[in-house]
Amino acid sequence: MERIKHTARRVIGADKVPQVSTVSSQDFFREHRFSPTAFVIDYLRRLFPILGWIRRYNITWLMGLTVGVILVPQSMSYAKIATLAPQYGLYSSFIGVFIYCFFATSKDVSIGPVAVMSLEVATVIGHVNAKHPNKWAAPEIATTLALFCGFITLAIGLLRIGWVVEFISAPAVAGFMTGSAITIATQQVPGLLGLSARFNTRAAAYFEIIHTLKNLHLATKDAAFGVMGLFALYFISLSTKYLGRRYPNRARMFFFISNARYGFVIIILTLASYLYCHPRKDKKGNYPISILKTVPKGFQNVGAPPIDKSLLAALAPELPVATIIMLLEHIAIGKSFGRINGYKIDPNQELVAIGVTNTIGSLFNAYPATGSFSRTAVKSKSGVRSPLAGLFTGATVIIALYALTSAFFWIPSAGLSAIIIAAVGDLVASPRVVYNFWRVNPLECIIWWAAVLVTVFSSVENGIYTAIAASGALLIIRIARPSGHILGRVLIRQGAERSKAFREVFVPIEANRPVYGKVINPHIKVELPAPGVVIFRPEVSVLYPNSSLLTGALVDYIKTNTRRGKDMTGVKLADRPWNDPAPRSGHVNLTDEERAKPVLHAVVLDFTAVSSIDTTAVQALIDSRGDIERWADREVTFHFCHILSPWIRRGLVAGGFGIPADERRRANVPIEIAPIAGPINDDDPEFSYHDLRGERDDSEDVEAAEQRIQVNASAASSATDFEGSLVSTATPYFHFDLSSAVSAAEAEGYPPKSSPPASLSRSEDSIEKGGAETVPHL
């Protein structure tokens with residue numbers, strides 16, 4: 001067996017790998033030890049979060065009636081956006097608030113019909129009917145959409161892959177929501193003026209504006225109810241905001257008055273509609289303005305929805321967009337109010353909650369529902385203490401379904417349009433928000449504008465796809481096209497103005513340029529390290545998309561700012577490499593500036609921002625090392641610092657980094673020493689230890705000895721009896737901090753000129769002889 005192992009190690013080259021202890025696969029599985037029983041228990045506990053807080057429930061936490069007052073008129077209005085009868089909005093409202101509380105991790109989110117989701121439902125119904133005219137009724141399409149969107153969302157939550165929504169940036173979501181709100185508002189203006197029957201109100205927003213302006217002179221009596229209702233909604237909103245600022249101690253009361261305005265206005269408009277329409281019914285049963293008329297009482301056709309395979313096939317292209325909208329809006333609202341109220345939501349569990357809500361909602365003919373921003377804000381301000389408030393909101397909807405449907409008969413359609421326009425105004429990003437996007441990152445502000453314009457001038461689907469594509473493209477660009485910095489040294493002092501205690505920090509040498517003036521004083525003197533030493537700091541993790549760019553930038557800087565190690569002035573043109581820039585004569589006359597450049601002997605790589613590294617990146621470092629050593633015509637040492645991940649260390653060791661070529665060079669590398677806490681492990685050969693007790697003078701009292709040891713060890717650490725190496729002595733080119741790495745690189749000096757470049761001496765012949773050379777390629 002040992003012979004087989006030895007042969008296998010020779011085949012894969014493991015017998016030539018430097019014997020340096022690194023993290024192993026066993027360490028990984030030991031750290032991520034999996035217990036099926038504990039996993040199942042934790043999974044079930046997180047699946048039903050209500051079990052964690054229901055035992056602490058207090059009867060004084062009863063809330064939710066305020067939200068119900070807002071929910072009833074809004075849900076009927078949003079059903080109108082979805083081209084459905086108003087009762088379907090009430091069905092979705094009840095199921096949303098009732099089911100959500102059993103699975104929720106947010107006490108504030110209110111699930112139900114929302115404007116953007118309703119707009120998408122209307123779009124889906126329009127697309128399906130265009131391809132299959134009069135084959136399915138609109139409620140059947142909407143309910144089937146809710147069922148399968150719920151299935152997909154529930155599956156994402158149960159599989160715990162809800163983190164995928166994090167790939168869409170906040171400006172992209174805000175842009176899509178703003179564009180959708182503008183589209184919804186423009187589509188409701190014709191209904192507000194009584195022009196809905198004169199042209200298609202489901203076209204792009206700019207078409208709606210044009211058609212509305214063309215037909216403005218044909219406005220009907222509905223405009224009196226719609227315009228007055230919209231005016232009242234905004235008058236109450238602006239007045240309460242002003243009064244809230246004027247009387248801060250009563251701001252909470254004015255907030256509730258503002259949000260209850262929907263109920264107040266719809267009651268007044270309904271009463272006015274009844275008084276005006278009731279005596280003016282014509283012989284055909286028509287009324288002078290458009291009203292809701294009959295709204296069925298209670299739940300109708302409760303049961304499992306019929307699943308038509310042909311309908312599912314027709315819905316398949318529409319499911320991705322509808323599901324994405326459902327996820328994005330809900331998670332964004334949950335996170336926002338979680339930050340405001342000091343708790344953290346579980347995105348996966350929230351997806352389970354809305355998945356279950358929509359799946360069960362399909363049994364009650366509900367259409368897709370998700371989190372509502374306006375109702376969540378009211379719920380949060382109401383002081384709710386648990387998700388159970390949704391039960392009392394649901395009770396309000398039940399009362400409306402069974403006791404108020406006769407009153408809903410007289411609700412003017414223009415009044416519902418006014419409520420929709422006022423409600424979606426909260427979804428439009430304010431100029432201050434857009435300006436903050438620009439201040440933080442202009443590229444993300446451009447993404448916001450792109451999402452808005454595409455949604456307004458094209459469609460909701462294209463808007464969401466634009467937002468996702470732009471976010472993904474920006475993320476890829478940031479990963480694949482990062483920048484790195486060549487660092488220089490700055491001496492600073494801190495404290496008293498006349499203090500002589502200086503310390504060194506390292507900043508980009510570009511800090512002397514005006515573009516960095518807002519970060520670092522451009523007049524600060526930035527000194528380069530000792531001649532022949534280059535310090536490079538990548539901004540991100542070094543991975544396969546960016547490794548060539550980063551290592552290429554390092555090599556280009558070295559060739560531009562250091563002198564070639566080999567004198568090429570006498571080399572014939574025929575003996576030069578094909579890519580060596582030289583005059584046709586073959587003779588090179590170095591300028592004084594070029595002669596003054598140093599020859600490179602050490603490179604320091606600061607891995608402060610590097611959290612991971614892969615095989616392609618290590619190979620790129622190996623190739624760069626070979627290129628640099630051919631340029632310098634000698635061995636160039638690579639020092640690394642701030643390697644805090646054991647897997648980065650493992651990858652670099654596998655590439656032959658961190659290990660001196662021979663013991664003589666190992667002895668010349670200074671090692672960071674730190675005080676040791678606890679007993680020394682003498683069985684660990686990779687760390688050196690030093691006993692300080694033998695250095696104490698017998699005549700020296702214990703207190704003085706402890707003070708001396710404390711100063712020698714560290715000004716910030718307690719005195720100990722032992723010192724030891726901070727990092728492994730097997731890899732002395734791996735340093736803990738940048739100062740130590742630079743000091744070690746500068747202390748090395750130039751290697752002997754007789755030493756060939758390491759990349760040229762590490763030949764296959766030396767490997768076969770069992771030498772200690774590192775492997776140049778992976």
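A residue counts as buried when its relative accessible area is under 20%, as exposed when the area is over 50%, and as partly exposed in between, with a 1.4 Å probe and protein chains only. By that criterion, 47% of the 778 residues of the protein are buried.

The model is predicted: local features need pLDDT of at least 70, side-chain atom pairs count only at pLDDT 80 or more, and totals for chains, interfaces and linings use all residues. Residues are numbered from 1 along each chain as its sequence is written, and side-chain values use heavy atoms, with hydrogens and water left out.

The protein has 32 helices and 11 strands, taken as DSSP runs (H or I, at least four residues, for helices; E, at least two, for strands) and numbered from the N terminus. With contact defined as heavy atoms within 4.5 Å, residues 24 or more positions apart make up 80% of the contacts with a separation of 6 or more.

Two helix pairs are tabulated below. Axes are lines fitted to C-alpha atoms over the stretch in contact, and angles run from 0 to 180 degrees between N-to-C directions.

| Helix pair | Axis distance | Angle |
|---|---|---|
| Helix 22 (residues 442–457) and helix 23 (residues 460–480) | within 7 Å | roughly 160° |
| Helix 24 (residues 547–561) and helix 26 (residues 615–632) | 9 Å | about 15° |

Angles under 35 degrees count as roughly parallel, over 145 as roughly antiparallel, 65 to 115 as roughly perpendicular and the rest as oblique. Helix 22 and helix 23 are therefore roughly antiparallel. In their contact, helix 22 contributes residues including Leu-443, Ile-447 and Val-454, while helix 23 contributes, among others, Val-460, Ala-467 and Leu-474. This contact comprises 9 nonpolar, 5 polar and 2 charged residues, where Ala, Val, Leu, Ile, Met, Phe, Trp, Tyr, Cys and Pro are nonpolar, Asp, Glu, Lys and Arg charged, and the others, Gly among them, polar.

Helix 24 and helix 26 are therefore roughly parallel.

Helix 13 (residues 261–277) has 17 residues and should span 24 Å at 1.5 Å a residue, in agreement with the 23 Å between its end C-alpha atoms; the expected span is 1.5 Å times one less than the number of residues. Its buried residues include Arg-261, Tyr-262, Ile-266 and Leu-269.

Gln-349 lies in helix 16 (residues 347–361). Gln-349 counts as buried because its relative accessibility is 0%. Leaving aside residues up to four places away in sequence, Gln-349 touches Arg-46, Leu-47, Pro-49, Phe-103, Thr-105 and Arg-160.
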